[in-house]
Amino acid sequence: MSIPNDLKYTKSHEWVRLEDDGTATIGITQHAQELLGDMVFVETPKVGRKLKQGEECAVVESVKAAADVYAPIAGEVAAVNPDLESAPEKINQDAYAAWLFKLKSVNAADLANLLDYAAYQKILESEENQ
Amino acid sequence: MLIFEHSRPGRRNYSQSPAAAEIVGIPQNLMRKVPPLLPEVSEMDAVRHYTRLSQKNFSIDTQFYPLGSCTMKYNPRACNSLAMLPQFLARHPRAPESTGQGFLACMYELQEILKDVTGMAGVCLTPMAGAQGELIGIAMIRAYHESRGDSARTEIIVPDAAHGTNPATAVMCGYKVVEIATDKEGDVDMEALKAAVGPQTAGLMLTNPSTLGVFEKNVAEMSKLVHEAGGLLYYDGANLNAILGKVKPGDMGFDVIHINLHKTFSTPHGGGGPGSAPVGVAPRLLPFMPVPVVGSDNGMYRWLTEKDIPQTIGRLSAHMGNAGVLLRAYVYVRLLGAEGMHRVAEFAALNANYLMAEMSKAGFEIAYPTRRASHEFIVTLKELKEKTGITAMNVAKRLLDKGYHAPTIYFPLLVPECMLIEPAETESRETLDAFVAAMKEIMEEAHNQPELVKNAPHTTPVRRLDDVKAARELDLTWKQV
């Protein structure tokens, strides 16, 4: 399974990338995309909304199920991916390119609590063996 | 072809009848400017159109339907014919009680029988569907806490295996949902429950047997835990048919329950009829029951209303809910009697366990192999997908070619590539054996002719539908008006 090793991850299968300008970009992982199957609808948070870490803030809906997306870190929503409304399948095509939203006013130190590549890989393996 | 495509201007179902007299005297301003968008077809065209559609349908009357009670069980014909007696059909819902004593007696007796079989103190028949039954149940829990001035209770606990309606109901009633995980055996994780229960707990919503097809072993302990914390217990009756007459939700400690009549009492559903979900309550929730319920004064039956139940949470439907469905359930329980209801549960469980054992022998992986099935069980096709790329969806579609409706797939979501199989109590051993044989054939095809399975169905009136496109480009009307 492809997991980029420059991102941070959560147990609930979100990825986070800290950008050079201090914002953080968030999406769902390839694994989450695979579990859900063909995406049909994405609901992103409103720009300007302040999120707490772990707060439900977006919904990804596939033909099989709707799943909540949780904010991996606290911050204020700076932008949402405009492509996903008309083309939710972009998440299926490349989960790491099709970001959901960007957060500003983030505390870079919060990322330290998230999973790195190896830790996330381990979680996927343990889920596999369940 | 749609009925609208058969339409020809001026064609009527009385085309051969003498021309009708023109109606005069309707003020011009009340006349419509454009004719209504209705199909114009002859009676014969209409009959053929709908008969043809019904022939294309996969139905419980023609094929084995291991979707089970979720969608619809066999509807015994006697229930239908007795509920359609002209005296029932022609009864006006607002007719005086004195002229509807027969109907009211049936409803009263149905309430009494449901109380007896579930161990609850009161039953209200008016909820129009399972989701409404849930809404009422949680609304009553809320009314109960509020009547005690207990406003600190803000959370409803819901296991992650629950039907999606459970958390939705809790949110609709203004509660925060706290999700509890499932342990490896398929039970609610007791440690997680202990951690979640507290003075903020308004209640716990539980389906037992659960959606994983297993009986929650720790239900007594769960009930004690929640009650000791001051919360109430809600029973989602989705799987009551597995334990009907054997274990009563009231005895398990539940304070409020809903019963899906189509699941347990064989009423029509799933496009075949409206829903109905009677709600039962423990003594402490009696004051909050929705109205109307049917009461009896010295042998005369009457509606109990707001006057009789002043703290009622209110009315949920005009009149008596889906009266026709309730009548069918009434006939069903009277036909079965107490002994028959026991047999419903026994045969439902026997059929599920037999089928589970045969599927296991045939090489299918059972999701919870250490557990006895309730009335349904789960197979996971995870390994098949890894080895062959064939998914549960593909297998489900291929089953249609073999003459079987597909079971529920991809629910519960906890189990990857799952099939939730419920044979129901009405199937014979031969039918179950034939289903296993069909599943075995598909398993072999998945290895030897995977394309055959991937492109199934091949023999149905329509081939594989593009459900992704249908969901992305929702198109619900034949013509833009």
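1. Start with strand 13 of chain B, where B:Met419 is the bridge partner of B:Ile409. Strand 12 (residues 408–409) of chain B pairs with strand 13 of chain B in the antiparallel sense, over two bridges. Strand 11 (residues 377–380) of chain B also runs antiparallel to strand 13 of chain B, joined by four bridges, and here B:Ile378 has B:Leu420 as its bridge partner. A word on terms: strands pair if DSSP finds at least two bridges between them. Strands (E, at least two residues) and helices (H or I, at least four) are DSSP runs, numbered from the N terminus.

2. Before going on, note that this is a predicted model: local features need pLDDT of at least 70, side-chain atom pairs count only at pLDDT 80 or more, and totals for chains, interfaces and linings use all residues. Residues are numbered from 1 along each chain as its sequence is written, while chains are lettered from A and ligands numbered from 1 in the order in which they are written.

3. Are the two faces of strand 13 (residues 418–421) of chain B covered or open? Both are covered: B:Cys418 and B:Leu420 are buried on one side, B:Met419 and B:Ile421 on the other. Buried means that 20 or more other C-beta atoms lie within 10 Å of the residue's own, exposed means 12 or fewer, and partly exposed is in between, with C-beta atoms placed from the backbone.

4. Zooming out, chain B is split into domain 1 (3–56), domain 2 (79–336) and domain 3 (344–470); such bounds come from an automatic or database domain assignment. The C-alpha centres of domain 1 and domain 2 of chain B are 43 Å apart.

5. Chain B also has an open sheet of seven strands, in the order 1-7-6-5-4-2-3 and with mixed pairing. Its edges are strand 1 (122–124) and strand 3 (176–180) of chain B, each pairing on one side only. Inside the sheet, strand 5 (residues 232–236) and strand 6 (residues 256–258) of chain B run parallel, joined by three bridges, and B:Asp236 stands opposite B:His258.

6. Now the helices on that sheet. Helix 5 (residues 130–147) of chain B lies across strand 2 (155–159), strand 4 (201–207), strand 5, strand 6 and strand 7 (279–281) of chain B, at about 170° to strand 6. Helix 6 (residues 165–172) of chain B packs on the sheet too, touching strands 2, 3, 4 and 5 of chain B, and its direction makes about 175° with that of strand 2. Axes here are lines fitted to C-alpha atoms, for helices over the stretch in contact, and angles run from 0 to 180 degrees between N-to-C directions. Contact means C-beta atoms, placed from the backbone, within 7 Å.

7. Which residues of helix 8 (residues 219–228) of chain B are buried? They are B:Val219, B:Met222 and B:Val226. Seen down the axis of helix 8 of chain B, these buried residues fall within an arc of 60°, so they line one face; the arc is that of the directions from the helix axis to the C-beta atoms. They pack against helix 7 (190–196), strand 4, strand 5 and helix 9 (249–252) of chain B. On the other side of helix 8 of chain B, B:Ala220, B:Lys224 and B:Glu228 are exposed.

8. Finally, the two chains meet: six residues of chain B are in contact with five residues of chain A.
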